[in-house]
Amino acid sequence: MYSIELKPIKIMIKGEPGSRKTEFATMIAKHYNIPVIQIQDIIRDAENIEGELGQDFKEEKEKIIEYLKENKETPLNETMKVFYRLVRWRLRQNDCRNRGFVLDDFPNHLEEVNYIFFPKLESKLDSYLDC
């Protein structure tokens, strides 16, 4: 008997405004039966998180929303650490962990990619291709 180890599908879609990236993300997610992850959904869901992360989010919420509106690279600070922890929290939920996900128009900067996906590694991505 053969055993196949399936791995979750992890996709990031980036593009210019109006490039239909959300439409493509939805089509891919439907095809593979995986969730589309959008930042506004994470922020909405964070309102109901309990414990330390929920409390940290409530304290930093206004700064996080301001950062998302500005969409400019920001040095790593306490606000950004909370925001990245929120994203990692969502990506660790069972649906994402077991099946995978499509990140719709996020992360925006190399620092975000490194902190979300490689928070404890010494070797991180050196470049980020945005097509």
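# Briefing: fold, aromatic pairs and pockets

Strands E2 and E3 run parallel and are joined by two bridges. The model in which they occur is a predicted one, and its protein chain has six helices and three strands. Read from the N terminus, the elements of the protein chain follow the order β-α-β-α-α-α-α-β-α.

**Sheet**

- The three strands form an open sheet in the order E1-E3-E2, and the pairing within this sheet is parallel.
- Strand E1 (9-13) and strand E2 (36-37) are the edge strands, since each of them pairs on one side only.
- Within the pairing of E2 with E3, which rests on two bridges, Val36 stands opposite Val102 in E3.

**Overall dimensions and burial**

- The radius of gyration of the protein chain is 16 Å, which agrees with the value near 14 Å that a compact globule of 131 residues would have.
- Taken along the principal axes, the box filled by the C-alpha atoms of the protein chain is roughly 50 × 35 × 30 Å.
- Among the 131 residues of the protein chain, 36% count as buried.

**Aromatic pairs**

- The model holds four aromatic pairs, and ring pairs link Tyr67, Phe83, Tyr84, Phe106 and Tyr115 into a cluster.
- For Phe83 and Phe106 the ring centres lie 5.6 Å apart and the planes stand at 80°, so this pair is edge-to-face, given that planes over 60 degrees apart count as such.
- Because Phe83 belongs to helix H4 (residues 78-91) while Phe106 sits in the loop between strand E3 (100-104) and helix H6 (110-117), the pair ties together parts that are 23 residues apart in sequence.
- Both partners are buried by the cut-off of under 20% relative accessible area, as Phe83 has a relative accessibility of 1% and Phe106 has a relative accessible area of 1%.

**Largest pocket**

- The largest pocket holds about 360 Å³ of space, and 16 residues line this pocket, with Ile39, Leu68, Asn71, Asp105 and Asn108 lying nearest its centre.
- At least two residues of this lining come from each of helix H2 (39-46) and helix H3 (51-70), and H3 supplies the largest share, which is three residues.
- By residue class, the lining of the largest pocket divides into four nonpolar, seven polar and five charged residues.

**Second largest pocket**

- The second largest pocket holds about 190 Å³ of space, and its lining is made up of Pro8, Lys10, Arg88, Leu91, Arg92, Cys96, Arg97, Phe101, Ile116 and Phe117.
- Two or more residues of this lining are given by each of the elements H4, helix H5 (94-99) and H6.
- The lining of the second largest pocket divides into six nonpolar, no polar and four charged residues, whereas the lining of the largest pocket includes seven polar residues.

How values were computed
Residues numbered from 1 in each chain as written. Predicted model: local features only at pLDDT ≥ 70, side-chain atom pairs only at ≥ 80, totals over all residues. Heavy atoms only, no water. Phe/Tyr/Trp six-rings, centres within 6.5 Å; stacked < 30°, edge-to-face > 60°. Helix = DSSP H or I, 4+ residues; strand = E, 2+ residues; numbered from the N terminus. Buried < 20%, exposed > 50% of the residue type's maximum accessible area, 1.4 Å probe, protein only. 1 Å grid on protein atoms, 1.4 Å probe; cavity = no way out; pocket = protein on both sides within 12 Å on 5 of 7 lines; lining within 4 Å. Points joined across faces, edges and corners; volume = space filled by probe spheres on them. Nonpolar A, V, L, I, M, F, W, Y, C, P; charged D, E, K, R; others polar. Pairing = 2+ DSSP bridges. Rg over C-alpha atoms; globule rule 2.2 N^0.38 Å.
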